[in-house]
Amino acid sequence: SFPFAKATIDWIKNHEHVYVVEQNRDGQMKTMLCMEHPEVTDKLRSVRYYGGLPLDARTVSDAIVARENAKESA
């Protein structure tokens, strides 16, 4: 919930990166996290889906795997 609990920000800080999964075009949750806590901005990765259908696990996992594979190739 907003505003974000200290435990949420501490959890993000304790991980190399965190995927923020959102079912909207604008990525509002990631944007709010970055605005309120700019110190975690570099740790957050966005997975957004707005195709009009319900979000399914395969869509999320495919996006994360693609992002991780691209990072390894760079």
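In which helix of the protein is confidence lowest, and in which is it highest?

**View 1. Confidence across the predicted model.** The structure shown is a predicted model. Confidence is lowest in helix α3, residues 57-73, where the mean pLDDT is 89. Helix α1, spanning residues 6-13, has the highest confidence, at 96. For the protein, the average pLDDT is 91, and 97% of the residues score at least 70.

View 2. Arg45 belongs to strand β2, which covers residues 44-48. Arg45 is buried, yet no salt bridge is formed by this residue. Glu68 provides the nearest side chain of opposite charge, at 5.8 Å; a salt bridge would require a side-chain nitrogen of Lys or Arg within 4 Å of a carboxyl oxygen of Asp or Glu. Leaving aside residues up to four places away in sequence, Arg45 is in contact with His17, Val18, Tyr19, Val20, Lys30 and Arg67.

View 3. Met29 lies in helix α2, which comprises residues 28-36. The relative accessibility of Met29 is 36%, and this residue therefore counts as partly exposed.

**View 4. His15 and Lys43.** His15 is located in the loop between α1 and β1, the latter formed by residues 18-22. With a relative accessible area of 30%, His15 is partly exposed. Along the chain, His15 and Lys43 are 28 residues apart, while a distance of 7.6 Å separates their C-alpha atoms.

Conventions
Residues numbered from 1 in each chain as written. Predicted model: local features only at pLDDT ≥ 70, side-chain atom pairs only at ≥ 80, totals over all residues. Heavy atoms only, no water. Helix = DSSP H or I, 4+ residues; strand = E, 2+ residues; numbered from the N terminus. Buried < 20%, exposed > 50% of the residue type's maximum accessible area, 1.4 Å probe, protein only. Lys, Arg positive; Asp, Glu negative; His and termini not counted. Contact = heavy atoms within 4.5 Å. pLDDT = per-residue confidence, 0-100.
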